[in-house]
Amino acid sequence: MLFTRLPSPIRHALIAGLVTPWLVLSVSAAPAQGETGASSTGKKSDVLIAELAEDENVEDVEDSVPLKHSERERRSASANTRSGAGIDTPSSPARKVAPNIDLKQVAPPPEAQPATQTGQTGEPPGPEVATEDTGTAAQPEILPGEVFTLLGSDVMPGTSTRLAWTPGIQIAGLSQPTPVLVVNGVNAGPTLCLTGAIHGDELNGIEIIRQTMYDLNPEKLSGRVVGIPIVNLPGFQQGSRYLPDRRDLNRHFPGHPEGSLADRIAHSLFENVIRKCDMLVDIHTGSLKRTNLPQLRADMNNPEVAEFTRGFDRMAVVHSTGSPGMLRSAAVAAGIRTVTLEAGESHRIQQHQISAGVNSLTSLMERQGMISRMFVWGDPEPVYYDSDWIRADHGGILFSEIELGARVSKGEILGYVSDPITNAQHPIRSTSDGRVIGMAVDQVVMAGFAAYHIGTEAEVPGE
C-alpha cells in the first residue's frame, strides 16, 4: 500500500535502497564459504586434531653433530642481514610517541596510546656521561640511544612504556590487547626480547619477566628490552596450555597470515615483535605434572647460539635442535640468537625457580654490556649433549626416591610405581650416569609414562 501512494521514481529508489544491502551481504558471504572449503582441502592439517606433544625434551633432544662449514657460513650470513632491526626515527606523522611511564607504578590496562605525552619534549634526551669507572673493560665510546619503533609507536631513548599487541583474532568489540613492556636505554645497544606463557598454564615465566623488566632503569641501560609476559592470553585466562582451538602455539611459528588461529597469532607476534629483536629468551616450564630443573634448551650446533648460552649464570644447558614450528627454531632461522629457558612446573608460582631465571637474565644483560652491576658469577653448569626420558613399565602410583637436580648412577633406583590393588612395588632405575634435569611429580601413572629425564654431562666444545 505504501508503494502505490508514492510517485514512481521515489518508489523505485526506495525498493533499490532496501534490496541492495541484502544483496551485498549475500555476495560478501560467498567468499567466506569458499575459503573454508579451500582451507579444509588444501591445508589438511587444519582439520586434524593437532598432536599434543609431551615436553620438548622427550623427542627433540638429539646428539650433537658438528655443523658443516657451508651451513655455518649460511647462518652467519643470515644473522648479518639483521643489523638495525627495530631502529627508526620519529619522522612519520602517522606514528605515536609512546608515553614515558614508571613500570613499577600500578597502571590501568593498556589502551590506545595518546599521540603526545605530557612533561616530555619530542627530542630524545642525550646520554649521561659516566663519572666513575665501573671496573669493566672500557668501550671505545658510548653511543647515544636511538628511537625504537614498535607496534606503531616511537619509544624514545631513556624511557620505559607499556604498549599493546593485538593479533586481531577476536570479536572486535570484545578484543583484549596483550601488554608489551618496553625499556629503551639512554645508550645504544642490542635488543633483547623476553616471551612468557606461550603455553597459557606456565606461570613462572610471567613472574620472571615482571621482576626483570621492572628492575630496569632506562637511564642506566644500553640497548632495549622488550617483554611480553603473557603471549597466549586466551589460554592463560582459561588456565590451559593450548589455544581455544586446542592447538599448541609453540608448534606454529613463524606462522601464516591466512592459516589457522595458531598460525595467525604466531605470524602477528613474529612479524610485529620478534623480528625487531637481536636476542630472544623464550621462557617455559615443564608440561602438566612435570617439573624441570632451571635450564636452557639450545642448538649447540650453532656457534652463535652456543656462545650466547655462556651469558647465563648457573644455568645447565641441554642440547636440542628444536622442532619445526617452535618459536626458538623460527627465530634462529631468522638470524636471532635464541634459547628456551625452562624453570619449574606449570600451574604454579615457584619463587626459587623464578629467582634462578631472574638471576640468569641479569647475568645475560651484564655479559652483553647492557647493564653494569656488581655481579658475582657462580661455577659454570655443564652442557648435556645427550639425555633420556626413563619411562614407567607398570601402572600405579609414582613415588620418587630422588629430587630434581640429583646426580645419579646407572642402575640406581629413582622411584617406585606402587600398585594400590595388588601391593606390588615396581622400581624405576636410572639407565645411565647423569643428573635429573626433569621429572614427573608424584602421581598416578600408566605404563609408558615419561617419569625421569636424565642428562649426560659433556665438555663444552672449545674448552
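1. Helices (H or I, at least four residues) and strands (E, at least two) are DSSP runs numbered from the N terminus. Please keep in mind that this is a predicted model, where local features need pLDDT of at least 70, side-chain atom pairs count only at pLDDT 80 or more, and totals for chains, interfaces and linings use all residues. Residues are numbered from 1 along each chain as its sequence is written, and side-chain values use heavy atoms, with hydrogens and water left out.

2. T195 counts as buried because its relative accessibility is 0% (buried means under 20% relative accessible area, exposed over 50%, partly exposed in between; 1.4 Å probe, protein chains only). Neighbours within four places in sequence aside, T195 is in contact (heavy atoms within 4.5 Å) with I209, I228, V231, I274, L280, V281, D282, I283 and L327.

3. Next, have a look at strand β13 (residues 396-400), which runs antiparallel to strand β18 (residues 444-445) and is joined to β18 by two bridges. Strands pair if DSSP finds at least two bridges between them. β13 also pairs with strand β15 (residues 413-418), in the antiparallel sense, over four bridges.

4. Finally, helix α10 (residues 351-367) has 17 residues and reaches 24 Å from its first C-alpha to its last, close to the 24 Å expected at 1.5 Å a residue (1.5 Å times one less than the number of residues). Its buried residues include I354, V358, L361 and L364. After α10 comes G369, with a positive phi near 75°.
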